[in-house]
Structure formats: structure tokens, C-alpha cells
Amino acid sequence: MKASPIEASLWHATAADPPETHALEDEVAADVCVIGAGYTGLSTALHLAEKGVRVVVLEARSVGFGCSGRNAGHCTPTFHFYSIPTVRKMLGPVYGERLVSLQTNAANLVFDLIRRYGIDCEGVQNGYLMVAHAPSKVKLLEEKQKTYASAGKVTELLDKDETERLTGSPRYYGAWHHPEGGHLNPLGYSRGLARAAIGLGAVVYTDSPAQAIEPAGTRWRVETPKGAVLADKVICGTGAYTDGYWPGLERSFERMTVAIMATQPLTDNVRRSIAPSNHTVVETRADPMIYKYNKDGRLVTSAFVEGRRGDDVEYTKKLMGDKLKWLLPQLDEVDFQYYWTGELDLQPKTFPRLFELAPGVVASLGYSGRGVPTGTMMGTVLCDWAMGMSRQDLTLPLEPLKAAPLYMKVVPRMFLAATRWQDQRVARREGVNPPPY
């Protein structure tokens, strides 16, 4: 696939420098070869290196080049689409409970790694607000509190006044506050994971795309343009940026493009009235408005690319700027000074899949938009697999590789349009003036 330049992103302009790496130009040996230097690959490498395993990471471009370095930077320890009871039902009582436990604690893992390894990435763990865009959506937040309590999480519901104080917006009717959420500079976090893994003995090669994985006796040979890695086990963690090194792997998901943008730095006076406690704010709309600050006081927001929205940059900036000013009347001006895009790997279950490609070769992908905590968490699962944990004791079942259903090519975009219309309809029915589209 042809990827958009990461240099356009705010994160590239502000992240701490990456560790020094170079391309693989020889044949090297390792216990485990990891493909992809994003959250999944780097977390796996770090956890393996902590255990003294010889691990080599191959990255086609630069550390964090894919969505791990260009997403909006939210770290929310929740499930993206399905409720906790539904996840338990879909996976069964054993695997379901294991995944719920790891996913709901994933943000704590992220920020523990940030503290433990001194990762310079603007990491702030001071809570996540899901806000009700219509009065009837408060019931959804009440249900969230109950189901996350079943996973041992202490969260709280906020009334309209407190929600307005913490968001800066008079447009919301209540909020669900999850104190373990947070946000960060995603490229800085990727680079920090790489630096930590290298410090423990892992080797990271950049500009070294995996081209093929072939059996080599009792081992596996991962070919790159100028070298190869001989390893006992291979882990594939390239997400939406998977590109042809294993037949059929990139057909296990559909790509969806997200546009991310960042405003001018807001003045201190305005910041005191918009998200004054520096929370991440996410709406209950299916096509939500999301905002958070970076270290310079810029508001960062995002939108799924759909037709003109995303393809026409100036139109998209005006649309998103109008929506922000509708939500936050104290904003006299919205100047999106950074605008970039990234791809996410979307599949029907929306939570991670663990594909057994061959004996000794696995792939983890299909996160569907929960990359920061989920990719980090999956590094621990893949470490368990590489260390020889039995398949029945793994957090997720090992599945045979399957192509995503054909309907995934059109249904997500149709769903987005349909649910946006439904959200507008609900808002009008309840006497709420909906945002401009």
C-alpha cells in the first residue's frame, strides 16, 4: 500500500528523537523475529527482551511510521464497539474473561511502561470522559458504569453541570469518567518503546521491509531486500500497514482512513474553560467528535474519511472547525495548522485476532481503532506465545487465517452514515440542536 507521509503530523514535529537504527544488510539469527515497529511489535520485543530472549524487529519504514505514530493519541482502556457482556459472550467465558481483564487494564500497562522506562511522550493519565450528546444517552453511560464495575473498574457518572465544567461545552447532558484513561504523543511513545527494547538487547532494523517468510529447516527465514533473519518463531504485528509478506494476511481486515488535525495553540485563558483538567473527551455519537490537548495547548481531533470529508482537505478543516466552534462557543477561531491521515485495520469483531499462520508463525491485528492500549497489551500476549505458553492458556484463541467478509468493504461506511443520521434524528426528537454536518 502507498502510505501518506508521516512528516505532516504534529507528532512528527514534536516527538522526542528516535533511537539510532539502520537497515538490515546481512543475515542474522534470533530466537524471535518480530515484523513491525509499532505498538504490537515493540511491546512484544520489549517484553521478550525483559526475559532475556534474543529478538530482532524488522520495520519497513521508520519506528512508528504506521498508525502507531500517527493516531490521535488517546489511550482509553475500553472496548471500541461491543459491550463487555457481548465480548464475554462472543469469546466464551474463559477467553472472554481473559481479554476483558487485559483490555480494561491496558492503559495502566501503557503508563507503567512510560514511568518505568522514562519514555518522553507527553503521557498524561488523568482520565477519559465519554459525554452524552442527547438526554437519552445518559442511560448508555449508566450501563457503561455497571459493566465496567463488573470488570473491577471504579468509574463515575457526572451530571450536566460538572460535564460542562470539565469539557467546556454546554452541548452535553452528562459524562462517564474513567480515571485510568489518558493521552500521549503516539510517535513519541513508539520511539520510547523502541529505545527501551534496544536498551535491553533487542535489535531494531528500519527501512527493512519483510518480503517473505519461508521455512528454513526447523526455523524460519524472514527475507528483506538486503538481508534476512533466521528465527525459531515469527510474530507479525503490522496492522493496517501489512503489505504482502504472508499470503492472504492483508485480506483479514479492511482499511479505513482517519484524518487527524491539530489547531493553533490556545491561549491560557481559553484553556482554563476548555477541558481544564486535560481529559480526553469522546462523544456518544457513532461518528463522534473527540478532542484532547497536546503539550503545546493545541486541540487535537479526528474524523473518519468519508467521501468529500477527508479527501477535500480545506472542506474537512472547515467542517471540523465549525463543529468545534459549535461545541465550544468560547473558540473565536479554529486554525488547523496540522493535518494528516492514517489507516486503521477494521474487522467485524473489532477486538484483536490472533492468527496461527503456520507452526511457529502468528499474526496479531484487527484492532479497529484502539491501538495505543490494545497494541501494548497484545505485546504481553504475544510474549506469552513466544515463550511457549500452551494455546489453551493464552489470552486469545489461536485462529486459522480468514479473509474479512466481503461486506466489510461497504458496511462500515454505510453504518457510519446511517448512525450519523440516526444520531441527528434522536437529537432533534429530544429538542437538541444537532451539530453542523
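Two residues are in contact when heavy atoms lie within 4.5 Å. The structure examined here is a predicted model.

**Helix packing**

Two packed helices are described by the angle between their axes and the distance between the axes.

| Helix pair | Axis distance | Angle | Handedness |
|---|---|---|---|
| Helix 4 (residues 93-104) and helix 12 (residues 371-386) | within 9 Å | roughly 125 degrees | right-handed |
| Helix 3 (residues 84-91) and helix 4 | 6 Å | about 140 degrees | right-handed |

In the pairing of helix 4 with helix 12, the axes cross at roughly 125 degrees, which makes helix 4 oblique to helix 12. The contact joins L99, L102 and Q103 of helix 4 to T374, M377, T380 and V381 of helix 12.

Helix 3 and helix 4 pack at about 140 degrees. Angles over 145 degrees count as roughly antiparallel; helix 3 and helix 4 are therefore oblique to each other. Helix 3 contributes I84, V87, R88 and L91 to the contact, while helix 4 contributes P93, Y95, G96, E97, L99, V100 and T104. Here the residues divide into seven nonpolar, two polar and two charged. L99 of helix 4 takes part in the contact with helix 12 and also in the contact with helix 3.

**The sheet**

Strands of a sheet pair through backbone hydrogen bonds, either parallel or antiparallel. In this model, eight strands form an open sheet with mixed pairing, in the order 5-6-4-13-14-15-12-16. Strand 5 (156-158) and strand 16 (338-346) are the edge strands, each pairing on one side only. From one strand to the next, the twist averages 25 degrees.

Within this sheet, strand 12 (residues 254-265) and strand 15 (residues 298-304) pair in the antiparallel sense over six bridges. P265 has R298 in strand 15 as its bridge partner.

**Aromatic pairs**

A search of the whole structure finds seven aromatic pairs. One of them is formed by F65 and Y241: the ring centres are 6.5 Å apart and the planes stand at 80 degrees, so the pair is edge-to-face. F65 lies in the loop between strand 2 (55-58) and strand 3 (74-75), whereas Y241 lies in the loop between strand 11 (228-236) and strand 12. The pair thus links distant parts of the chain, 176 residues apart.

How values were computed
Residues are numbered from 1 along each chain as its sequence is written. This is a predicted model: local features need pLDDT of at least 70, side-chain atom pairs count only at pLDDT 80 or more; totals for chains, interfaces and linings use all residues. Side-chain values use heavy atoms; hydrogens and water are left out. Axes are lines fitted to C-alpha atoms, for helices over the stretch in contact, and angles run from 0 to 180 degrees between N-to-C directions. Helices (H or I, at least four residues) and strands (E, at least two) are DSSP runs, numbered from the N terminus. Angles under 35 degrees count as roughly parallel, over 145 as roughly antiparallel, 65 to 115 as roughly perpendicular and the rest as oblique. A crossing is left-handed if the near helix is turned anticlockwise from the far one by less than a right angle, and right-handed if clockwise. Two strands pair if DSSP finds at least two bridges between them. Rings of Phe, Tyr and Trp (its six-membered ring) pair if their centres lie within 6.5 Å; planes under 30 degrees apart count as stacked, over 60 as edge-to-face and the rest as tilted. Ala, Val, Leu, Ile, Met, Phe, Trp, Tyr, Cys and Pro count as nonpolar, Asp, Glu, Lys and Arg as charged, and the others, Gly among them, as polar.
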